[in-house]
Amino acid sequence: MKVLLLKDPKDKDSGPDPYVKELGLYGFEATLIPVLSFEFVSLESLFEKLSQPDSYGGLVFSSPRALEAIKICLKDNSKNEAWSKSLQQKWNTKPAYVVGKATASLVEEIGLTPQGEKSGNAEKLAEYICSREKPSSSALLFPCGALKREVLPTALREKGIPLESLTVYQTTQHADLQESLSSYFSKQGIPASIVFFSPSGVKFCLQPIQKLLGDFSNQIKFAAIGPTTAEAMEAAGIPVSCSAESPTPQDLAAGIQKALHSQNC
């Protein structure tokens, strides 16, 4: 059975995509279609703030893209040198809160130690942070996207924990999305399951997929990587057959297996 994954492939340098690999173990033929493009912004402001670790109580990352922004900054030799010589060590005395495993691994790549990676979503990460931070402490620096949800900032604000947000990337539709979807459906037909990985993916894919599926929509098991995406799907009128218990390849594959082999997930 075929599964369509509406996400970017993992970097080619790091081996096969873990979602494709895990679904393959269940006998599924998974295909990736990139949905989103990202434009990185305010990188000078980002590094300026990273250069002032004494001004902050820690870091918060709810997206791998925020780490990509930092990695772009560190490609500059002088910035990389400053980071390696002192900044990394100073930030390592403070918490680096992360929402999941993918973000955690990127935090480790820049030499920091992640905390909270089992949270899985913004709501649980906010609870984790609130259990560890005191009100009126130094602000946490939160590099984020322009489309960030307000769940985490609101939860911290209600507890009196200061958070300084900085938009470091903007999300747009991938230039090849329409063509890639049309090509997939014409060559491979209707998949058994379609997986959404973000509310933005729901926003950009909804109309073209509905048009391509036509009357076949009710035959598809639509899956979500987590509760936030599931909420966006439901709001758009997409029936959610399965939502992964945590945003990992293992839980997604197990959920899809269950959804496709039973009436209820």
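**Domains and their contact**

Modeller: The centres of domain 1 and domain 2, taken over C-alpha atoms, are separated by 28 Å. Domain bounds come from an automatic or database domain assignment; here that assignment gives domain 1 as 2-35 + 175-262 and domain 2 as 39-172. The model is predicted: local features need pLDDT of at least 70, side-chain atom pairs count only at pLDDT 80 or more, and totals for chains, interfaces and linings use all residues. Residues are numbered from 1 along each chain as its sequence is written, and side-chain values use heavy atoms, with hydrogens and water left out.

Biologist: What area is buried between domain 1 and domain 2?

Modeller: Buried area is the accessible area (1.4 Å probe) that two parts lose on being put together, summed over both. Between domain 1 and domain 2 this is about 630 Å², with carbon and sulfur atoms giving 55%. On the side of domain 1, Phe204, Thr228 and Pro247 lose the most area to domain 2, together 45% of what that side buries.

Biologist: How many salt bridges are counted between domain 1 and domain 2?

Modeller: A salt bridge requires a side-chain nitrogen of Lys or Arg within 4 Å of a carboxyl oxygen of Asp or Glu. The count between the two domains is one. Aspartate 8 forms a salt bridge with arginine 65, their closest N and O atoms being 3.4 Å apart.

Biologist: Which helix gives the most to the side of domain 1 that touches domain 2?

Modeller: Helices are DSSP runs (H or I, at least four residues), numbered from the N terminus. Helix 9 and helix 10 (227-235) each supply at least two residues of that side; helix 10 gives the most, with three residues.
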